[in-house]
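Subject: Structure for your review

Dear colleague,

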Amino acid sequence: MTPNEYDYIVVGSGSAGCVLADRLSADGTNTVLVLEAGGHDRRLWINMPIGYGKTFYDERVNWKFEAQPDAGLHDRRIYFPRGRVVGGSSSINAMVYCRGLPGDFDDWAKAGNPGWSWNDVRPVYEKFERRVDAQGRAAQGGPLFVSDVRQELHPMADIFFEGARQMGIPFTEDFNGPQPEGVGRYHINTRHGMRWSAADAFLRPALKRPHVKLQTGALVERVLFEGNKAVGVRYQMDGVQHTARARAAVVLSAGAVQTPQLLQLSGVGPGALLQEKGIPVLLAQNNVGGHLQDHLAMSYYYKATQPTLNNVLSSLWGKLKVGLQYVTTLGGPLSISVNQAGGFVKSSPDAAQADLQLYCNPVTYTLAPSTKGTQIVPDSFAGFILCFQPCRPLSRGRIDIASPDIHSAPSIQPNYLSHPDDVQVALRGAQLVKRLNQTAAFRGLIKEPMAPVVDLLDDAGMIDDFRARASTCYHPVGTCVMGRDPAHSVVDANLKVHGLDGLYVVDASVFPTVTSGNTHAPTTMVAHKGADAILAARR
């Protein structure tokens, strides 16, 4: 083997890249190089679950992308955070673990992707998950801990459940179980009160093998080809260019924003765009960067009649108290996500499956500028948030390079609410929150709704409010979509790029349609199936 030559090169150490490092090297024979543009993840605010609020605007671990002005949102530019650190977005997300609804994956299979139905993917989930019950007892299973943290939940969750019951919405014990629809408690990726990212579950075990190498601070400029075969990558470290070669395959796992960017910079993408940017066209493929889908979330803020997390997190004494609790027990409010309760519900009786995801969070906050950048500051009064997101939007956007320079952020154009059905689902979501506010449970909890007050808005006002305030829930997918026909997709059902050899895409960009919930879990599943397909292709 020549220096800097490996069997597999994996670009990105996020939710998918960490899995690939583990699975591609598991037999003890394959050499694997993982290239990560960010740095290490051994940081207090990453390891502590509540630290999500600290990393949200931290440029040391976050790419801090911004979308283009969007006509569907009154020409606003939406903030697009993405992990720039070992573990990727699994190191800075809110840790909610949702597989997705069974119908999501059956739709993938119906779209021409054999092997991706719910019955196909469910055993994959079961193999890599390790469930932790409310008493902290871990079951037998895989390396990804999925914890039931009901004992740490704020009491306000029970009021949310009661309000839902009064509306006729059922309760479910497990969104990842046999009855995922209804309201309930979110399971999260923690272990012993600390974040359990993809790096913890998959990458660190892989790095114990001598034939796996992680290179941080490595920004990949382009994939290298000999003819139509990917043979390696060129990357920068500390301003110096390096080349690494792959004997078997190059696997792009840079995420739904940067994987299409890297493909286009490598000459694979819309021909006219590449020519305009001065990039030689290797393969004209208009679907690279297209089909962008994302969950658009809407939040309503309330002052509460009883204490919430604000009462703890906004005062010095409260911070000291819960900080001491966390240090001594790894428990308390700092050991879990602020996304504690929610659910999957139908916006109308005729919906085929749940088409709204709900969140009820026992905290409100403001964004405050500081010398360290934007900070999320809990309000000084008791407050809470009700939030919903449409699960399966039909609007489609694009992500394309803005420059031939890898250091330039790509152009993100989500085209939110460009499909009329998405507007109607958003309206029904606002109407559902309005009805929830009017239940006896919430009338007793709400001291004062904070403007704009959804209860005072008519249908047109609700839609306008949604356009004025809704923002991404940080689940971009679909920009290198999977499918049978190269005219409508980028990769096949084995995640190999159409028309090219030795090149795979394994991350959320291959989703044919966005799953109904949070995307970390299905991305992890996709990576396991992708690794199996890549290994099988070499046998």
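Of the 539 residues in the chain, 61% are buried. Please bear in mind that this is a predicted model, and that every value in this message was computed from it.

Overall architecture

The chain contains 15 helices and 26 strands. Its radius of gyration is 23 Å, close to the 24 Å given by the globule rule for 539 residues, so the chain is as compact as a globular protein of that length. The C-alpha trace spans about 70 × 50 × 50 Å along its principal axes. When contacts between residues at least 6 apart in sequence are considered, 69% of them join residues at least 24 apart. The chain exposes about 20800 Å², and carbon and sulfur atoms supply 52% of that area.

Strand β21

Which strands pair with β21? One is β16 (residues 296-304), which runs antiparallel to β21 and is joined to it by 6 bridges. Within this pairing, tyrosine 302 stands opposite phenylalanine 384 of β21. Another is β18 (residues 356-361), also paired in the antiparallel sense, over 6 bridges. Here leucine 358 has phenylalanine 388 of β21 as its bridge partner.

Helix α7

The buried residues are Ala198, Ala199, Asp200, Ala201, Phe202, Leu203 and Ala206.

Against which elements do the buried residues of α7 pack? The helices are α1 (15-24), α5 (118-128) and α15 (520-538). The strands are β6 (144-147), β9 (194-195) and β10 (212-216).

At the start of α7, a side-chain oxygen of serine 197 comes to within 3.2 Å of the backbone nitrogen of alanine 199. Alanine 199 is itself one of the buried residues of the helix.

With kind regards

Definitions and conventions: Residues numbered from 1 in each chain as written. Predicted model: local features only at pLDDT ≥ 70, side-chain atom pairs only at ≥ 80, totals over all residues. Heavy atoms only, no water. Buried < 20%, exposed > 50% of the residue type's maximum accessible area, 1.4 Å probe, protein only. Helix = DSSP H or I, 4+ residues; strand = E, 2+ residues; numbered from the N terminus. Contact = heavy atoms within 4.5 Å. Polar contact = N/O pair within 3.5 Å; in protein donor to acceptor, adjacent residues only side chain to side chain. Pairing = 2+ DSSP bridges. Rg over C-alpha atoms; globule rule 2.2 N^0.38 Å. Areas by Shrake-Rupley, 256 points an atom, 1.4 Å probe, with all protein chains shown as cover.
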